[in-house]
Amino acid sequence: MIIRGAVANDIAPAAALMAQAYVAHFRPIIGAAALGFDQAHFEARFARELAELTVLDADGVSGVLLVKEGHIAMLFVAETGLGHGAALLAHGEAHGACSLEVFANNEGARRFYERAGWQVTGDYVREFAGAQHRFLRYEKPMIPARRQG
C-alpha cells in the first residue's frame with residue numbers, strides 16, 4: 001500500500017471509485033440525485049483538482065483523499081476494514097487537514113471520524129444536489145508540541 005499524490009493516470013480509476021461510492025453510500029441519503037455524480041463528473045473534478053488529490057495505491061487506486069485548504073473534501077476507500085481509510089486520514093492530518101463535514105445521518109462515517117479523535121463543531125443544513133440536507137462539521141483538536149528544555 002502506497003499513499004501518494006495523484007497523477008493524470010489516476011483520474012479515471014479514482015473517478016470510478018467515487019462514482020461507485022456515491023451509488024452505494026449516498027443514494028440512501030440523497031436518493032436518485034446520487035446518480036448524477038457519475039464517473040464523468042468526478043473525472044472533470046479530479047482533472048481540475050489534481051494537485052490536491054491523493055490516492056491510496058494497493059495494486060490500483062483503492063482510496064481517494066481530496067484536501068482543500070486544510071478541509072477534507074473527500075475521503076473514500078474501495079473496501080472498508082483494511083485500514084486504508086485510517087491510513088488516508090492520518091496522511092491528511094499529517095499534511096494539515098483539520099476539518100471535514102459529513103451527512104448527519106451517515107452513521108458509519110461519523111463513527112470512523114469520532115474513533116480517530118475528530119469532534120463535532122457544527123450542525124447545520126445546507127443545499128447539496130438540489131435539496132437541503134443536515135451536515136455535521138468535524139474538527140480535529142490540535143495537540144500542541146511539547147517544549148524541549
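## Crossing of H1 and H2

Helix H1 passes helix H2 in a right-handed crossing, meaning that the near helix is turned clockwise from the far one by less than a right angle. Helices here are DSSP runs of at least four residues, and strands of at least two, numbered from the N terminus. H1 covers residues 11-30 and H2 residues 39-48; they pack at an angle of about 130°, with axes 8 Å apart.

## Basis of the model

The model is predicted: local features need pLDDT of at least 70 and side-chain atom pairs pLDDT 80 or more, while totals for chains, interfaces and linings use all residues. Residues are numbered from 1 along each chain, and side-chain values use heavy atoms, without hydrogens and water.

Among the H1 residues in contact with H2 (heavy atoms within 4.5 Å) are Ile-11, Met-18 and Tyr-22, and their partners in H2 include Phe-42, Glu-43 and Phe-46. The residues of this contact comprise eleven nonpolar, one polar and one charged.

## The largest pocket

The largest pocket holds about 830 Å³ of space. Its lining has 36 residues, and Phe-26, Leu-75, Phe-76, Ala-109 and Tyr-113 lie nearest the centre. Lining residues have an atom within 4 Å of a pocket point on a 1 Å grid.

Strand E4 gives the most to this lining, with seven residues. Other elements that each supply at least two residues include H1, H2, helix H3 (84-94) and strand E6 (119-128). By type, the lining divides into 20 nonpolar, ten polar and six charged residues.

Notes:
Axes are lines fitted to C-alpha atoms, for helices over the stretch in contact, and angles run from 0 to 180 degrees between N-to-C directions. Ala, Val, Leu, Ile, Met, Phe, Trp, Tyr, Cys and Pro count as nonpolar, Asp, Glu, Lys and Arg as charged, and the others, Gly among them, as polar. On a 1 Å grid over the protein atoms alone, a cavity is a set of points where a 1.4 Å probe fits but cannot get out, and a pocket is an open set with protein on both sides within 12 Å along at least five of seven lines; lining residues have an atom within 4 Å of a point. Grid points are joined across faces, edges and corners, and a volume is the space filled by probe spheres set on the points.
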